[in-house]
Amino acid sequence: EAKLAEAASQFGTARETLQGRVADLSKREGEILGQQAQVRRAGFDYLGAAELYAKAAELETGDANSRLYFYIHQAENLSFHGVHAVDLTAVDRALVVVRDQAIPLTTRADLARYRGAREFYGTIMGNRLMLDPSRERHQELIALRREILASVDRASEPEEWARQRALVANAEGQLGQETADRIAVVRAIEGYAEAEPLMTDPQARLRMLHSWANALKHLGATYGERDQTLAAIDLFKRAAAEAPEQETFVRAYLLDGLAAAEMDAAMHADDIEMMDQAAEHSRQSLALVTRAESAMSRAGFSLTLARALGYSARLKGEAGAPHLVEARAALAEAGEVFNRDQAPVDWIWVELEQASLDMMEARIGGAAEAAEARYLAVQAGGARELMPATWVDAKVGEAYALQFQAEQAQGERRRELLTRAQAAWTEALAVAGELGTTTAAYAADAAVTARMLAES
């Protein structure tokens, strides 16, 4: 019996040793899969990266923190794919991974990870809401953010309290901006003001100032409150001045936001000088980030630059023609990244800007057929389902392009173009009415088309 006990002990030791080696091999394999996932992500293969992170999490059986890391990155890549490909199923899968796999690995004993996992769940909820706005889901997100805020003691953790207070404001701002709720945006602005005195971490503070300025910019652009737009410009400038030289990405995004706010102000006042300032700030944001560092960021900045240059060209008339060349180059770079298959929403924005430039070139002395073709391509490219309000913009653009062509035509051709333009206006105004975005300017321009048709 003693010999049997000794043999059993030896087998037990051997088994433990073997199990330890297997666990070590699994851990190493998981680390390699994680590295492979990073390569996939760098190539914009977010689904492939997510799959590898999921396998890495399955292999990691001993270290809960490593499993949490893999699950978070699996969800992050699913969410990235969902946002860029407008794939709600992928975003929902990301939410399930965080809720069912990541959050259960955290406890209140480690508050940083406990809060962090829940914060990340809220971030993905926010991403889903950008694609599919829902007041109910927005309220759920705000409730989650407030729950996390309630776990922080303001007196003993003032910095963390301020950060969480800013996240509540982010959720309120998103609700207001995506559901046309001005009061929610105002609450967000009040929240940022409440958090600012306690926000001392430089990076967190700059992110908050960026969100705060965007909320002000939204009030100005959406509700015609020019003083809010000017306040946004001042806040973007203050944040850019605070950003350390080495924080190139942060400075780039702040300058991009500043350019967008200056564009809004310049458009409402036909201010050529401010529009040129917007273009210059946009160039500065582009200069801070290389394509190798972030092709996606540069594509977004290029789109902003193209808009600023396009508006400047419109204000300057024939004298603005050189801006159109630079704008085309910026859109070409953006279009290489924002393609129709992988980033359909961003592709729509690029095509709308291209169509706008087509129309400006037509007014200088070209033809409007190219603009009409692009506006039709945007409509065929899923804009009605993805972004109904933007589909209206494309339909209105089609009407303008047809009317411009009619102004250059005679006889039956003129009447045909005006008839098509009137049909485009009718459809655009009907959908705009359903969305509650009908404008007096659109109605007035539609009336001009109807009068031209009656006189033809």
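## Salt bridges and helix pairs in a predicted model

Arg115, Glu119, Glu157, Glu160 and Arg163 are linked in a network of salt bridges (a side-chain nitrogen of Lys or Arg within 4 Å of a carboxyl oxygen of Asp or Glu). This is a predicted model, in which local features need pLDDT of at least 70 and side-chain atom pairs count only at pLDDT 80 or more, while totals for chains, interfaces and linings use all residues. Residues are numbered from 1 along each chain as its sequence is written, and side-chain values use heavy atoms, with hydrogens and water left out.

Reader: Which helices hold arginine 163 and glutamate 119?
Author: The side chains of arginine 163 and glutamate 119 meet in a salt bridge, at 2.6 Å from N to O. The pair ties together parts that are 44 residues apart in sequence, because arginine 163 lies in helix 7 (residues 158–178) and glutamate 119 in helix 5 (residues 111–131); helices here are DSSP runs of H or I with at least four residues, numbered from the N terminus.

Reader: Is glutamate 119 buried or exposed?
Author: Buried means under 20% relative accessible area, exposed over 50%, and partly exposed in between, with a 1.4 Å probe and protein chains only. Arginine 163, at 26%, counts as partly exposed. Glutamate 119 has a relative accessibility of 12% and therefore counts as buried.

Reader: How many residues apart in helix 18 are glutamate 416 and arginine 413?
Author: Glutamate 416 forms a salt bridge with arginine 413, and their closest N and O atoms are 3.2 Å apart. Both residues lie in helix 18, where about one turn of the helix separates them, that is, three residues.

Reader: Is helix 18 roughly parallel or roughly antiparallel to helix 19?
Author: Helix 18 (residues 411–435) and helix 19 (residues 440–455) pack with their axes 9 Å apart and at an angle of about 155 degrees; axes are lines fitted to C-alpha atoms over the stretch in contact, and angles run from 0 to 180 degrees between N-to-C directions. Angles under 35 degrees count as roughly parallel, over 145 as roughly antiparallel, 65 to 115 as roughly perpendicular and the rest as oblique. The angle therefore makes helix 18, relative to helix 19, roughly antiparallel.

Reader: Is histidine 81 buried or exposed, and in which helix is its place?
Author: Histidine 81 has a relative accessibility of 18%, so the residue counts as buried. Beyond its neighbours within four places in sequence, histidine 81 is in contact (heavy atoms within 4.5 Å) with Tyr46, Leu47, Val86, Asp87 and Ala90. The place of this buried residue is in helix 3 (residues 64–85).

Definitions and conventions. Helix = DSSP H or I, 4+ residues; strand = E, 2+ residues; numbered from the N terminus.
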